[in-house]
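Here is a short briefing for a reader new to this structure.

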Amino acid sequence: MSTTTNSSMDALSQGLLELLESHDPAVAAILSDEADRQRTTLELIASENHVSPQVMHAMGSWMTNKYAEGYPGARYYGGCEHYDLVENLACDRAKELFGCNFANVQPHSGANANIAAFMALLAPGDKVLSLPIKSGGHLSHGLKPNFSGTFFEIHEYDLDPDTEQLDYDVIAKIAEEVQPKLIICGYSAYPRIIDFERFRSIADSVGAFLMADIAHIAGLVAAGVHPSPFPHAHVVTTTTHKTLRGPRGGLVLSDDEEIAKKVDRKVFPGSQGGPLMHMVAAKAIAFQEALQPSFRNYSRAVVDNAAALAESLVSHGYRLCSGGTENHLMLVDLRTRDSELTGADAEQWLESAGIITNKNGIPNDPRSPRVTSGLRLGTPALTTRGLGVGEMKEVAALLDRVMGSHGDAATCEAVRKDVRSLCDRFPLPH
């Protein structure tokens with residue numbers, strides 16, 4: 001077991017580990033080691049973050065013990081008084097946070113939220129227009145093995161090959177040709193601002209619904225540092241982690257009363273049974289945290305840090321897809337620094353040095369998804385730790401030392417020591 005101590009975690013977490021050490025030492029050791037891993041590494045995966053202790057402990061609360069199948073005031077089990085209260089609270093806070101009229105907080109994940117949205121808006125076989133996963137879309141937007149690619153007719157728009165950005169004129173032409181029932185915007189690896197208003201005009205021109213999947217940028221939207229999909233999108237889906245810094249889960253939002261009714265039916269009983277009410281309680285806490293002025297400051301810092309990290313990486317010789325970033329993430333083309341460098345190698349080397357990243361394909365990547373020519377990097381988790389613009393230069397230098405050495409063991413060990421020092425300067429919140 002690691003040497004994680006009270007100084008590196010809150011008292012409840014430390015108490016849990018002490019309780020588990022006698023009850024199930026094997027699991028206690030795994031949890032302790034994971035806590036130590038997070039404490040001593042730099043998290044640069046764009047879709048990950050560090051929740052507050054309050055959010056984390058709500059996920060392990062008494063509300064894990066109960067079924068609350070149904071909705072507030074219409075449960076299929078007794079004893080749901082407090083579950084109704086916390087779900088209504090979560091819904092009200094979500095609506096306030098995103099400035100909309102409807103929220104369903106029950107989806108277990110972003111993919112589950114997308115399933116409900118598809119089922120509410122479409123019939124099997126209907127046409128969907130979306131960005132493919134190879135260009136920054138999401139697997140639940142039409143990948144063949146996924147439900148979306150299995151039950152619906154998927155058509156694609158792509159990024160402009162020269163700018164690696166959305167070309168709305170081209171998207172409009174494709175929509176005119178395809179005549180989709182649904183157009184999806186919102187992505188997993190797109191570093192630029194999304195013009196939701198333009199997307200709505202394209203959808204209206206062909207009589208399509210517009211769905212915005214803002215899983216990656218939800219926190220930025222909530223804080224006002226990225227334009228909102230409202231009032232433009234018919235339905236909005238998101239995860240509640242990533243930039244929103246809440247528990248792992250999903251959320252569906254809308255301003256359309258009829259669509260809202262359909263979404264409720266397609267979440268339950270259409271695609272899920274009993275909600276995970278301990279997660280709903282944690283969502284309520286996270287939404288309240290995101291409503292605070294401090295969260296707006298945090299989100300601005302996320303974007304500022306991303307810009308600083310991007311600029312520093314360019315100074316080290318790396319090319320950024322689309323030419324830069326306007327949100328929390330960047331897609332790094334490693335080939336411009338070293339033609340032999342792959343995303344898979346970089347990810348492995350960096351992890352050995354205490355820097356956690358994920359390999360990612362770049363637009364028109366000649367390498368396979370298991371190898372890739374790029375890294376997707378993001379700043380939400382580093383910003384949660386308190387790192388600022390100045391530290392982004394340090395982080396970029398650490399990244400380059402590892403990748404420039406081709407994972408040399410001695411270099412990685414030296415960087416690991418520097419990473420630990422940086423983590424000690426900026427401990428996790430507890």
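**Briefing**

Leu16 lies in helix H1, which spans residues 11-23. The model is a predicted one. The largest pocket holds about 1000 Å³ of space. The structure also has two cavities of 30 Å³ or more. The salt bridges number 20.

**Surface patch**

- Leu16 has a relative accessibility of 41%, so Leu16 counts as partly exposed.

**Largest pocket**

- The volume of the largest pocket is about 1000 Å³.
- Its lining has 36 residues.
- Ser13, Gln38, Val51, Met56 and His57 lie nearest the centre of this pocket.
- Helix H1, helix H2 (25-40) and helix H3 (53-58) are the elements that each give two or more residues to the lining of the largest pocket.
- H2 gives the most, with six residues.
- By class, the lining of the largest pocket has 14 nonpolar, 13 polar and nine charged residues.

**Second largest pocket**

- About 510 Å³ is the volume of the second largest pocket.
- The second largest pocket is lined by 21 residues.
- Nearest its centre lie Ile133, Lys134, Asn360, Gly361 and Pro369.
- Strand S14 (residues 358-360) gives the largest share of this lining, three residues.
- Six nonpolar, ten polar and five charged residues make up the lining of the second largest pocket.
- Gly361 sits in the loop between S14 and strand S15 (374-378).
- Gly361 counts as partly exposed because its relative accessibility is 25%.
- The C-alpha atoms of Gly361 and Leu31 are 32 Å apart, and 330 residues separate the two along the chain.

**Cavities**

- Rolling a probe the size of a water molecule over the atoms shows where empty space is left.
- The largest cavity has a volume of about 70 Å³.
- There are 14 residues in the lining of the largest cavity.
- Tyr187, Tyr190, Ile194, Ile217 and Asn327 lie nearest the centre of the largest cavity.
- The lining of the largest cavity divides into seven nonpolar, five polar and two charged residues.
- The second largest cavity holds about 50 Å³ of space.
- Residues that line the second largest cavity include Ser135, Leu159, Glu164, Tyr190 and Pro363.
- In the second largest cavity, the lining has seven nonpolar, two polar and one charged residues.

**A buried loop residue**

- Thr379 is in the loop between S15 and helix H14 (380-385).
- Thr379 has a relative accessible area of 0%, so Thr379 is buried.
- Between the C-alpha atoms of Thr379 and Pro275 the separation is 31 Å.
- Thr379 and Pro275 are 104 residues apart along the chain.

**Salt bridges within a helix**

- Side chains of opposite charge can pair when their charged atoms come close.
- Arg39 forms a salt bridge with Asp36.
- The closest N and O atoms of Arg39 and Asp36 are 2.6 Å apart.
- Both residues lie in helix H2, three residues apart, about one turn of the helix.
- Asp36 has a relative accessible area of 14%, so Asp36 is buried.
- Lys261 forms a salt bridge with Glu257, and their closest N and O atoms are 4.0 Å apart.
- Lys261 and Glu257 share helix H10 (residues 257-267), where they are four residues apart, about one turn of the helix.
- Lys261 is partly exposed at 46% relative accessibility, while Glu257 is exposed at 58% relative accessible area.

- Arg337 pairs with Asp400 in a salt bridge, with the closest N and O atoms 2.9 Å apart.
- Arg337 lies in the loop between strand S12 (329-333) and helix H13 (343-352), and Asp400 lies in helix H15 (residues 389-404), so the pair ties together parts that are 63 residues apart in sequence.
- Arg337 counts as partly exposed at 32% relative accessibility.
- Asp400 is buried, with 11% relative accessible area.

**A salt-bridge network**

- A network of salt bridges links Glu164, Arg319, Asp333 and Arg335.
- Glu164 is also one of the residues that line the second largest cavity.

Note on methods. Residues are numbered from 1 along each chain as its sequence is written. This is a predicted model: local features need pLDDT of at least 70, side-chain atom pairs count only at pLDDT 80 or more; totals for chains, interfaces and linings use all residues. Side-chain values use heavy atoms; hydrogens and water are left out. Buried means under 20% relative accessible area, exposed over 50%, partly exposed in between (1.4 Å probe, protein chains only). On a 1 Å grid over the protein atoms alone, a cavity is a set of points where a 1.4 Å probe fits but cannot get out, and a pocket is an open set with protein on both sides within 12 Å along at least five of seven lines; lining residues have an atom within 4 Å of a point. Grid points are joined across faces, edges and corners, and a volume is the space filled by probe spheres set on the points. Ala, Val, Leu, Ile, Met, Phe, Trp, Tyr, Cys and Pro count as nonpolar, Asp, Glu, Lys and Arg as charged, and the others, Gly among them, as polar. A salt bridge is a side-chain nitrogen of Lys or Arg within 4 Å of a carboxyl oxygen of Asp or Glu.
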